[in-house]
Amino acid sequence: MRKTNIGACNARTTIKIQESTGRKVFRLVNGFVLILLALLCLLPFINIIAISFSEGYYVDANQVTLWPKGFNLSAYQYILTRASFWSSFRTSILRIFLGGAINLCLIILTAYPLSKDNSKLHFRSVYTWYFFITMLIGGGMIPNYLLISKLGLRNTIWALVLPGALPIFNLVLMLNFFRQLPREMEEAALIDGAGHFRTMVQIYVPVSMPAIATITLFCIVNHWNSWFDGMLYITTPSRIPMQTYLRSIIIEMNVADMSADDYELYALLANRTVKCSQIIVATIPILCVYPFLQRYFVSGIVLGSVKG
């Protein structure tokens, strides 16, 4: 009975740990540094937003800081009211879905067998180095262009998707993640009669959602931000991706192709205003996708697959 009372007394006792002065100073300095770093990342983006909504006169005079001056939507009107913008937007969306699906399928299908030991996959090291060496040595722009031309892929969506169908950096990330998973999961599945393909789909893929979500974001951002391949392989204006189109607005502006209204509107805009509006337009889709993938980043690495 005495032990029970002592246990109940200890359960009701709250232990308070007194922080030392050095610990308090460290937490204060650490919080200040983190807030400063957050502001360093956030303030330039706020400045870009303010410039994109400002009059060209104030932008040229460097009078815009964190709040728009002479608020107007002329830059966005110039970009969004053009039919070529929406055709390039559709091309980029198609590229993301098609290219992202191909990237994920090839990454998972390649990383799973390469994550096995040499005893289960003969010449595994040779295959791994075969893929890894492509990160260090490439054929170059001219051989790639000739290959795409000979295959008849120019002016098609496949010229934007197939050359980077298997991103090796993401493959290495997924390979290392698969190697960290407990081997007991695979052994239990094989004992129950599952084959390697079923084990990969029903065991490895579900517990690898944090890594898959991260790689998915990498692939989406890579496809969305790519502009050089669109300029190199696509010659039809209605098929170029969005980033290539937005770049052409600033760098390769062809006044002869403008209508009178477009030229008048562009003449009223500051060059920096159009550039900043371009950055905002190109960033919004990624900002819309990121919250749906964020919840996987904070998940457990193995998600409690093996217990006991």
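Select Ser208 to begin, and then show Phe177, Phe178 and Leu181, which Ser208 touches when residues up to four places away in sequence are not counted (a contact means heavy atoms within 4.5 Å). This is a predicted model, in which local features need pLDDT of at least 70, side-chain atom pairs count only at pLDDT 80 or more, and totals for chains, interfaces and linings use all residues. Residues are numbered from 1 along each chain as its sequence is written, and side-chain values use heavy atoms, with hydrogens and water left out.

Ser208 counts as buried because its relative accessibility is 0%, where buried means under 20% relative accessible area with a 1.4 Å probe, protein chains only.

Now zoom out to the whole protein chain, where the secondary structure comes to 16 helices and zero strands, and where buried residues make up 33% of the 308 residues. Among contacts in the protein chain with a separation of 6 or more, 72% are between residues 24 or more positions apart.

Terms used
Helix = DSSP H or I, 4+ residues; strand = E, 2+ residues; numbered from the N terminus. Buried < 20%, exposed > 50% of the residue type's maximum accessible area, 1.4 Å probe, protein only.
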